[in-house]
Amino acid sequence: MKLLLAFLVLASLAHAAFAQAFDEKPLRELSQKFATAWNAGDAAAVAALYAPDAVLTTPGGTTVRGRKAIQDGVATDLKHMAGAKIAFSAEEFRPLGADAAIWRCEWTMKGMKDGSTPKGTGLAAVTRGPSGWLIVEDIAALSPAKPAAKPAGHGHPHGAGEAHDHGPHGHTH
């Protein structure tokens with residue numbers, strides 16, 4: 001029992017030391033390169049941040065495999081979302097070893113033609129190779145749209161206490 005306890009303590013200390021030594025700077029640079037390339041409308045530069053055999057699952061649920069397919073998909077997205085800019089926030093980088101990590105973030109797309117501001121979460125596995133850090137698996141999820149806030153007690157159109165159903169499209173009936 002004492003041997004097991006000693007092993008667990010040593011393993012915990014080793015993990016803590018490794019986590020402290022892990023340098024997030026190159027991963028933050030990868031994140032910045034992604035945003036810069038996307039915001040410049042450069043599908044090739046975005047795709048270059050992915051490993052040749054990377055897998056990307058889009059917010060719509062489509063899965064594409066390989067850098068070329070990712071580039072083609074990003075080019076299509078950029079064409080349909082011309083002028084939209086991506087920003088990352090709440091980024092977390094978790095080391096999985098010296099040359100692998102998980103990148104988790106929140107993302108926001110501003111400047112959409114329809115005036116919407118889509119938001120979501122991204123989760124990517126990244127690895128470090130001879131040319132630096134690359135994304136090997138990327139899953140982007142779209143956050144559900146939040147309903148507009150209703151002012152409390154200010155002349156509700158249905159009358160006080162009246163039951164109503166806004167239905168799936170916000171219509172009353």
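Strands S5 and S6 pair in the antiparallel sense over 10 bridges, two strands being counted as paired if DSSP finds at least two bridges between them. Within this pairing, Gly 120 stands opposite Leu 142 in S6. Helices (H or I, at least four residues) and strands (E, at least two) are DSSP runs, numbered from the N terminus. The model is a predicted one, in which local features need pLDDT of at least 70 and side-chain atom pairs count only at pLDDT 80 or more, whereas totals for chains, interfaces and linings use all residues. Residues are numbered from 1 along each chain as its sequence is written, and side-chain values use heavy atoms, with hydrogens and water left out.

With strand S6 (residues 132–142) it pairs in the parallel sense over four bridges, and Leu 56 stands opposite Asp 138 in S6. S1 is also joined to strand S2 (residues 63–65) by three bridges, this time running antiparallel, and here Leu 56 stands opposite Val 64 in S2. The hairpin of S1 and S2 has five residues between the strands, and in it Gly 61 takes a positive phi near 95°.

S1 is mostly covered, since six of its eight residues are buried, where buried means under 20% relative accessible area, exposed means over 50%, and partly exposed lies in between (1.4 Å probe, protein chains only). Leaving aside neighbours within four places in sequence, Thr 57 is in contact (heavy atoms within 4.5 Å) with Thr 62, Thr 63, Asp 138, Ile 139 and Ala 140.

Side chains of opposite charge can pair when their charged atoms come close. A salt bridge is taken as a side-chain nitrogen of Lys or Arg within 4 Å of a carboxyl oxygen of Asp or Glu, and by this rule the count comes to six. One of them joins the side chains of Glu 24 and Arg 28, at 3.0 Å from N to O. Arg 28 also forms a salt bridge with Glu 91, the closest N and O atoms being 3.7 Å apart. Because Arg 28 lies in helix H2 (residues 25–39) and Glu 91 in strand S3 (residues 85–97), this pair ties together parts that are 63 residues apart in sequence.

Another salt bridge links Asp 99 with Arg 128, whose closest N and O atoms are 2.9 Å apart. Asp 99 lies in the loop between S3 and strand S4 (100–110) and Arg 128 in strand S5 (residues 119–129), so the pair ties together parts that are 29 residues apart in sequence. Salt bridges that share partners join Glu 24, Arg 28 and Glu 91 into one network.
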